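Reader: Please show me the structure, and then take my questions in turn.

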Amino acid sequence: MRETMWAMRLHETGRPLRRERVPRPVPGPGELLIRVEACAVCRTDLHVVDGELTEARLPLVPGHEIVGEVVALGPGVTTPAPGSRVGVPWLGWTCGECTECRAGRENLCRRAQFTGYTRDGGYAEYCVADARYGFPVAGPAQASSPLLCAGLIGYRGWRLAGGEALRYLGLYGFGAAAHLLIQLARARGQHCYAFTRPGDRKAQAFARRLGARWAGDSGQAPPQALDAAIIFAPVGELVPEALARVRPGGVVVCGGIHMSEIPAFPYRLLWEERLVRSVANLTRADGEAFLPLAAQIPIQTETHAYPLADANRALDDLRAGRLEGAAVLIP
């Protein structure tokens, strides 16, 4: 008889997760069995739970910012060794054979599987993961878990916005991803401007504390034209707003997997070679570059711990904007 574990499972979108006793997973070929030490709560989890992402496999264990200890290896796996600490991100499996994978764009693999969406994730005591997508993690589990998505997506968005070449960077939505990315940008000598929900003085103060040169409402003009803006808030109306704030040749990056409708806007906002682009998932190369960089800077994560059984409360706090930094579930 298989051992069991506690897990928070989604049976119907738009409904709370259920705390259930379920069989502990068994690692298959190429997989790791991981004892979950921490799993950060991401806005993408909200999009899954609320049904805004429509291809979730139900019933489902959400969660894709996982840090834990390897406790068993599936057939064909030799590393990482049991006892190692690894992090598991959103991109959970790719085919390695399609045009995108062969071109180094595995984040666009047509057959990709996603942790906490099309395969069970980390809102549980144990999970299984493809060994190829288990990144070595050296730091404490709770502090490291937000790096696996909020950190990685912020890093990829920053690279696509111009990376090291940027001088003036706007961040729309100052939550889990922005509070990590601002530390990377500041370490590179870049000037950051934070945009929040109108009247959110608490988030604006948080941004200033982390080094923002200016923080204000999303509809306000910053004191400096921006080289690029990254939009983390899932609000389509911010796209023309951000375009109006970037200089000619500037870039607006949409950093989320889901966004409300983008309204029509005048061509003059796009003219002068401004660019709008999205970020999709991540690659192993992103993880291999960012995680050591985060440790080197070092990037400090602001986290709020919740017991696994309180996953619904953590999701509600994220939905209502009551968090500074990231919520993290601790089984």
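Author: Contact here means heavy atoms within 4.5 Å. This is a predicted model, in which local features need pLDDT of at least 70, side-chain atom pairs count only at pLDDT 80 or more, and totals for chains, interfaces and linings use all residues. Residues are numbered from 1 along each chain as its sequence is written, and side-chain values use heavy atoms, with hydrogens and water left out.

Reader: Is Val-71 buried, partly exposed or exposed?

Author: Val-71 lies in strand 4 (residues 65-73); strands are DSSP runs of E of at least two residues, helices runs of H or I of at least four, numbered from the N terminus. Beyond its neighbours within four places in sequence, Val-71 is in contact with Leu-33, Ile-34, Arg-35, Pro-82 and Tyr-126. Buried means under 20% relative accessible area and exposed over 50%, with partly exposed in between (1.4 Å probe, protein chains only). At 34% relative accessibility, Val-71 is partly exposed.

Reader: Which strands and helix do the buried residues of helix 9 pack against?

Author: In helix 9 (residues 311-319), the buried residues are Ala-311, Ala-314, Leu-315, Asp-317 and Leu-318. Seen down the helix 9 axis, they fall within an arc of 160° and so line one face; the arc is that of the directions from the axis to the C-beta atoms. They pack against strand 1 (4-9), strand 3 (31-41), helix 1 (43-49), strand 16 (303-307) and strand 17 (326-330).
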